[in-house]
Amino acid sequence: MAGEPQDDCLFCKIVAGQIPATIVRETETTVAFQDINPQAPTHVLVIPRVHYRDVATLAAAEPAVAADLLRETGEVATQEKLESHRVVFNTGSGAGQTVWHAHAHVLGGRGLQWPPG
Ligand code: 5GP
Ligand code: ZN
């Protein structure tokens with residue numbers, strides 16, 4: 001069924017507590033944790049508890065959860081005391097997506113170039 005946990009999904013395992021992560025915030029519908037390979041002084045991933053391959057698929061299937069995810073990016077930025085931050089959704093392998101469970105990167109704590117690479 002759409003949104004069900006996938007046995008072979010790393011982030012479903014983090015949601016289930018089967019793989020450890022440094023969790024910074026949790027809600028009924030989302031989990032936020034430190035990225036294992038940070039690209040900035042603050043690099044937090046925000047994921048829905050439900051499994052969808054990318055954020056657009058999530059938004060089409062469960063828009064309320066997609067809204068929760070977006071709201072949580074702001075809550076993370078506030079909690080981490082970021083003056084500015086960037087939210088990134090890599091979508092597709094050509095854009096750098098490597099984990100096929102929707103996730104927002106929240107990056108901050110240093111100057112961020114625009115346009116990104
Ligand atoms: P993507 O490349 O799909 O946009 O982002 C996946 C992110 O997940 C990467 O930034 C990568 O460092 C992070 N990541 C991969 N494996 C793990 C893990 O086991 N634990 C945590 N906390 N982050 C991970
Ligand atoms: Zn998953």
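**Ligand, helix and a loop**

Modeller: Here it is, and keep in mind that this is a predicted model. The shell around ligand 1 is made up of 6 nonpolar residues, 8 polar ones and 1 charged one.

Biologist: OK, and which residues come nearest to ligand 1?

Modeller: There are 15 residues around ligand 1, and the nearest are D35, N90, G96, T98 and H105.

Biologist: What does D35 do with its side chain there?

Modeller: A polar atom of the D35 side chain sits 2.5 Å from an oxygen atom of ligand 1. H105 also uses its side chain: an N or O atom there is 2.8 Å from an oxygen atom of the ligand. With V99 the backbone is involved, as one of its N or O atoms lies 3.0 Å from a ligand oxygen.

Biologist: How much of ligand 1 does the protein cover?

Modeller: On its own the ligand has 520 Å² of accessible area, and the protein covers 83% of that.

Biologist: Switching topic. How many residues does α3 have, and how far does it reach?

Modeller: α3 runs over residues 63-79, which is 17 residues. From first C-alpha to last it reaches 24 Å, close to the 24 Å expected at 1.5 Å a residue.

Biologist: Which of its residues are buried?

Modeller: V65, A66, D68, L69, E72, T73, V76 and A77.

Biologist: And what do those buried residues pack against?

Modeller: Quite a list: the strands β1 (23-26), β2, β3 (42-48), β4 (85-88) and β5 (104-108), plus the helix α2 (55-61).

Biologist: What follows α3?

Modeller: K81 follows the helix, and its phi is positive, near 60°.

Biologist: One more spot. Where is D54, and is it buried or exposed?

Modeller: D54 is in the loop between β3 and α2. D54 counts as buried because its relative accessible area is 9%, and the cut-off for buried is under 20%.

Biologist: So what does the side chain of D54 reach?

Modeller: It reaches the backbone nitrogen of A56 at 3.3 Å. The D54 side chain also makes a polar contact with the side chain of T57, at 2.6 Å.

Biologist: What is D54 in contact with beyond its neighbours within four places in sequence?

Modeller: T91, Q97 and A102.

Definitions and conventions
Residues are numbered from 1 along each chain as its sequence is written. Chains are lettered from A and ligands numbered from 1 in the order in which they are written. This is a predicted model: local features need pLDDT of at least 70, side-chain atom pairs count only at pLDDT 80 or more; totals for chains, interfaces and linings use all residues. Side-chain values use heavy atoms; hydrogens and water are left out. A residue is near a molecule or strand if one of its heavy atoms lies within 4 Å of it. A polar contact is a pair of N or O atoms within 3.5 Å; within protein, one must be able to donate a hydrogen and the other to accept it, and residues adjacent in sequence count only if both atoms are side-chain atoms. Accessible areas come from the Shrake-Rupley method with a 1.4 Å probe; for residues, only the protein chains shown count as cover. Ala, Val, Leu, Ile, Met, Phe, Trp, Tyr, Cys and Pro count as nonpolar, Asp, Glu, Lys and Arg as charged, and the others, Gly among them, as polar. Helices (H or I, at least four residues) and strands (E, at least two) are DSSP runs, numbered from the N terminus. The expected span of a helix is 1.5 Å times one less than its number of residues. Buried means under 20% relative accessible area, exposed over 50%, partly exposed in between (1.4 Å probe, protein chains only). Contact means heavy atoms within 4.5 Å.
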